[in-house]
Amino acid sequence: MKLKKAALLFAAAALTAGMAAGCSGSQNAASGSVEETEGTPKTSESGDQTEASRAAQTALQTQTSGEAGEDEENYDTGDATLDDPRNQDEIGEKELLVVSFGTSYNDSRRKTIGAIEDAMEVAMPDCSVRRGFTSQMIIDHIKRRDDVSIDNVEEALDRAVKNGVKTLVIQPTHLMNGLEYTDLVNEAAEYADAFEQVAVGEPLLTSEDDFKAVIQAITDATREYDDGETAVCFMGHGTEAESNQVYARLQEMLRAGGFENYFVGTVEAEPSLEDVLGSVKEGSYTKVVLEPLMIVAGDHANNDMAGEEEGSWKTEFEKAGYEVTCVLRGLGELEPIRNLFAEHARAAADSLTK
């Protein structure tokens, strides 16, 4: 059958809880087992740029040492076989493609990205849920190390075409509407003629209600540390795009909401580690809790935040005299975050009927 030209639609900022006609599901995403993240080698809005760079460096080391197929990692990231790459065929006519930057940390990938995908499957049972990663370096690293194949976005879209998908909903696990989100929308538009309907869901932090929901989620998850003596610091990635302003906005809304002991910074942009450290020093804190403001707890969380090397957030706060606790937990491990992504995906599906 000849497919008619698809209208590439975006989910409305005001999320609805109704049933999606294209890929309908239950009104509330059920909780599942508990993880860019997103990004490109030059920037990242949800994921792990450093991880991609180190994956490439590992590949180069492997090639130059003549030990092809062996890995240079000296740390354990978990069992890759416990994670479902969601690259199966027989997709059916309705597909929900969940697009993430990716991570080679197997346990975190399963607990965050995998858990988000599981929540999507529960929320939208009429759709076949599939996975696409934007980082080819991470895809190649996982394939070489664990012999696990994960589709990049182009491969995932080609798979959908080959399987005769008619209605395609794409939901990114991006934190913000930045460079990567724009790239994803543009890539989806190139396939508009291949499907009858295509919709792209919104990133995590889009509407005012999204910010409120995320603040509620992260403050609830860290409530035990908010004792007046502890500064709770969240480390995001940061981006060169204008969308980097989401971090400052999140900080402002935390303050306005009465969460005076919470601080937000980034690895690659502003607010910087120096900015966060300076703000913490203005208080009378003796302890600091560090947690990633990223979908996964990958390379940035394990090294730039919690690493023992000079310049990490942990070492810099310790040098300043604070007792530091690192919580290696990606946002994708939090049920409210997974539910919010599911709401965005349902809203995207709903937009196809308007």
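Reader: In which sense do strand S8 and S9 pair, and over how many bridges?

Author: First, a caution: this is a predicted model, where local features need pLDDT of at least 70, side-chain atom pairs count only at pLDDT 80 or more, and totals for chains, interfaces and linings use all residues. Residues are numbered from 1 along each chain as its sequence is written, and side-chain values use heavy atoms, with hydrogens and water left out. Strands (E, at least two residues) and helices (H or I, at least four) are DSSP runs numbered from the N terminus, and two strands pair if DSSP finds at least two bridges between them. Here S8 (residues 287–292) and S9 pair in the parallel sense, over four bridges. Valine 288 stands opposite valine 324 in S9.

Reader: What is the strand order in the open sheet?

Author: The order is S7-S6-S8-S9, with parallel pairing. Strands S7 (262–266) and S9 (323–326) are the edges, each pairing on one side only.

Reader: And how do H7 and H12 cross?

Author: Axes are lines fitted to C-alpha atoms, for helices over the stretch in contact (heavy atoms within 4.5 Å), and angles run from 0 to 180 degrees between N-to-C directions. The axes of H7 (residues 208–221) and H12 (residues 335–351) come within 9 Å and cross at roughly 160°. That makes H7 roughly antiparallel to H12, a label for angles over 145 degrees.

Reader: Which residues meet there?

Author: Asp210, Ala213, Val214 and Ala217 in H7 meet Pro336, Ile337, Leu340 and His344 in H12.

Terms used:
Angles under 35 degrees count as roughly parallel, over 145 as roughly antiparallel, 65 to 115 as roughly perpendicular and the rest as oblique.
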